[in-house]
Amino acid sequence: MRHRKKFNHLGRTTSHRKAMLSNMAVSLIKHKRIHTTLAKAKALKVFIEPIITKSKNDTTHSRRTAFSYLKDKEAVAILFREVSEKVAQRPGGYTRILKTGNRIGDNAEMCFIELVDFNENMLESTSTKKSSRRRRSSSKKKAEAAPAADVKAKAEVKEEVKDDVVVEEKEVAAAEPEVKSEEEVKEPEAQADGTSEDASENEEEKKEE
């Protein structure tokens, strides 16, 4: 029984399988995309991704380790010169499998396997999606901030109205003593006029006598 045995031999001997995966890895590094069956693509993904991770550390030991798997000097040079720079910031997941349907004849599942960082069309689409998400989040923040701004504006208006009322009350209070002082000034003048009239009448009575 084959319980828990997920390793796919691909119908080949060990030496044949290793040679085939090595050739496919070299083709993928050179051309950045190849067309193959889904089973072979899944096996190639497991085979090549550890080699790409090894290429991030550009040392003699890493180059010799990669060469022991690839058996191609040109592929090793491209791997350490071009591919390692592109995938430097990516923590794994360097390849992508795109299914293309079934093959005519044996009805085998076919697909493209490609290096993620070398597909410019997919990179552009992801960048536009990110920008749209940022716009949505900013619009939500603006919508949330608008009611708060309205509340602040209303509070400021109320404070201004209160300040105006207080200023008016102070002006009225300051004006009342001035009115009172004018009335007080008028009362002594009236008393002085009355006394002067009385004095003039007394003088006239004395003259008559």
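A residue counts as buried when its relative accessible area is under 20%, and as exposed when that area is over 50%. The legends below use this cut-off, and the model that they describe is a predicted one.

View 1. Of the 209 residues in the protein chain, 22% count as buried. When contacts between residues at least 6 apart in sequence are considered, 56% of them join residues that are at least 24 apart.

View 2. Ser-22 belongs to helix H1, which is made up of residues 14–31. Its relative accessible area is 6%, and because this value is under 20%, Ser-22 is buried. The side chain of Ser-22 reaches the backbone oxygen of Tyr-69, at 2.8 Å. Tyr-69 is also one of the residues that Ser-22 touches when those up to four places away in sequence are not counted, and the others in that list are Phe-47, Leu-70 and Lys-71.

**View 3. The packing of helix H3 against helix H4.** Two packed helices are described by the angle between their axes together with the distance between those axes. For helix H3 (residues 60–70) and helix H4 (residues 73–86), the angle is about 135° and the axes are 9 Å apart. The crossing of the two helices, H3 and H4, is right-handed.

**View 4. The residues that meet between H3 and H4.** On the H3 side, the residues in contact are Ser-62, Arg-63, Ala-66, Phe-67 and Leu-70, while H4 contributes Lys-73, Ala-75, Val-76, Ala-77, Leu-79 and Phe-80. Sorted by class, the contact of H3 with H4 consists of eight nonpolar residues, one polar residue and two charged residues.

View 5. Thr-37 lies in strand E1, which covers residues 33–37. The relative accessibility of Thr-37 is 12%, and since this is under 20%, Thr-37 counts as buried. If neighbours within four places in sequence are left aside, Thr-37 is in contact with Arg-103, Glu-109, Met-110 and Cys-111.

How values were computed:
Residues are numbered from 1 along each chain as its sequence is written. This is a predicted model: local features need pLDDT of at least 70, side-chain atom pairs count only at pLDDT 80 or more; totals for chains, interfaces and linings use all residues. Side-chain values use heavy atoms; hydrogens and water are left out. Helices (H or I, at least four residues) and strands (E, at least two) are DSSP runs, numbered from the N terminus. Buried means under 20% relative accessible area, exposed over 50%, partly exposed in between (1.4 Å probe, protein chains only). A polar contact is a pair of N or O atoms within 3.5 Å; within protein, one must be able to donate a hydrogen and the other to accept it, and residues adjacent in sequence count only if both atoms are side-chain atoms. Contact means heavy atoms within 4.5 Å. Axes are lines fitted to C-alpha atoms, for helices over the stretch in contact, and angles run from 0 to 180 degrees between N-to-C directions. A crossing is left-handed if the near helix is turned anticlockwise from the far one by less than a right angle, and right-handed if clockwise. Ala, Val, Leu, Ile, Met, Phe, Trp, Tyr, Cys and Pro count as nonpolar, Asp, Glu, Lys and Arg as charged, and the others, Gly among them, as polar.
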